[in-house]
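Subject: Structure handover and notes

Hello,

Here is the structure you will be working with. My notes follow below it.

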Amino acid sequence: MGSRPGEAQYELAIVYHPIFSTEGYPTLRERVAPAFEELQARGLLELSGVRVLKPEPADEELVKKVHTESHLRSVSVSGYYEVALLSAGSAVMGAREIAASRAANTFCFVGAAGHHASADGFWGFCYLNDVAIAIESLRETRDAHRFAILDIDPHFGDGTRDILGSDPDVLHLNFHSGYPIGREEGTNNVDYALPHEASDERFLAQVDNALTAALAFSPELLFIVFGHDSHRDDYGGFALGDEAYRAFAEKVKAAFPRRVCYVLSGGSSPRVARLAIGDVVEVLAGTTRTGGP
Ligand SMILES: [Zn+2]
């Protein structure tokens, strides 16, 4: 099958570094190697349309355009500076693969999360705002300017809101289990609050609403902040079941067949990670709909 002009060279880039499972934040790192092994076990890494790429640390000059000097000093003494730079570098690489029309879509592993990292603060296993840094990278090189972020991690993406919440060219679709709800007046910030016991059905109905909003915004690239701590067997809010993540990825792919960059976020359970990441990557690799090569 030849590719048409303007199409990506391959279906999916998976950005992965083994250090995420050894040096990553303890709550997040236990799931990394099992999830990657699951992709191998399912035969997904040998598909002709799939590439595995090794990230490089995010450039510190780039990071300084998103975070303050004092923030970087605090992160540098946290013990997670290197893995945070590499995690941000993973998102940057995933976004750039799409912008360069090499990969149709990307899935980026991390060892530290990003969405609670604001310009000058961090908490909740997050150190550097990986997605904000990736956006800055694409803007710096003028590869893309307008973005949507669909954050389905059940914790509020407060750091992302802090950095990008008043940006007219960023739509922030934010799932969480509290308040606020709805569109913040005069902004592109939309909050989808779900109860702690939210089922797959309720979650997926809101995903439909969020994707409708994303399509109306016409982003050049869509980021998914992919937390599987929303599973009932993991540590965050919502009570999603085993089928939710495949169904989610299929909805995203139907709305946005390409130019979607998944960035891993919360989640600890190796079983849930194998299932959730395995299913998402299967959908992105095209095996679910086409039956494989
Ligand atoms: Zn979370």
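Two residues are taken to be in contact if their C-beta atoms, placed from the backbone, lie within 7 Å. Helices (H or I, at least four residues) and strands (E, at least two) are DSSP runs, numbered from the N terminus. The model is predicted: local features need pLDDT of at least 70, side-chain atom pairs count only at pLDDT 80 or more, and totals for chains, interfaces and linings use all residues. Residue numbers start from 1 along each chain as its sequence is written.

Helix packing

Axes are lines fitted to C-alpha atoms, for helices over the stretch in contact, and angles run from 0 to 180 degrees between N-to-C directions. Helix H10 (residues 244–255) packs against helix H11 (residues 270–285) at an angle of about 30°, and their axes are 8 Å apart. H10 is therefore roughly parallel to H11 (angles under 35 degrees count as roughly parallel, over 145 as roughly antiparallel, 65 to 115 as roughly perpendicular and the rest as oblique). On the H10 side the contact involves Tyr245, Arg246, Ala249, Glu250 and Lys253, which meet Ala276, Asp279, Val280, Val283 and Leu284 of H11. Sorted by class, this contact of H10 with H11 has 6 nonpolar, no polar and 4 charged residues. Here Ala, Val, Leu, Ile, Met, Phe, Trp, Tyr, Cys and Pro count as nonpolar, Asp, Glu, Lys and Arg as charged, and the others, Gly among them, as polar.

H10 also packs with helix H9 (residues 200–217), at an angle of about 20° and with the axes 10 Å apart. H9 and H10 are therefore roughly parallel to each other, and their crossing is right-handed. H9 contributes Asp200, Phe203, Leu204, Val207, Asp208, Leu211, Ala214 and Leu215 to the contact, and H10 contributes Ala244, Ala247, Phe248, Lys251, Val252 and Ala255. The contact of H9 with H10 has 11 nonpolar, no polar and 3 charged residues.

A residue is buried if 20 or more other C-beta atoms lie within 10 Å of its own, exposed if 12 or fewer, and partly exposed in between, with C-beta atoms placed from the backbone. In helix H3 (residues 32–41), the buried residues are Val32, Ala35, Phe36, Glu38 and Leu39. Seen down the axis of H3, they fall within an arc of 150°, so they line one face of the helix; the arc is that of the directions from the helix axis to the C-beta atoms. Gln40 and Ala41, on the other side of H3, are exposed. Among the elements covering the buried residues of H3 are strand E1 (10–15) and H11.

Gly49 lies in the loop between H3 and strand E2 (50–53). Gly49 is buried, with 21 other C-beta atoms within 10 Å. Apart from neighbours within four places in sequence, Gly49 is in contact with Tyr10, Glu11, Leu12, Ala285 and Gly286.

Positive phi

Most residues other than glycine have a negative phi. Ser101, in the loop between helix H6 (81–99) and strand E3 (103–108), has a positive phi near 60°. Arg142 likewise has a positive phi near 60°, and sits in the loop between helix H7 (130–140) and strand E4 (147–151). Ser101 counts as partly exposed, with 15 C-beta neighbours inside 10 Å, and Arg142 as exposed, with 8.

Regards

Terms used:
A crossing is left-handed if the near helix is turned anticlockwise from the far one by less than a right angle, and right-handed if clockwise.
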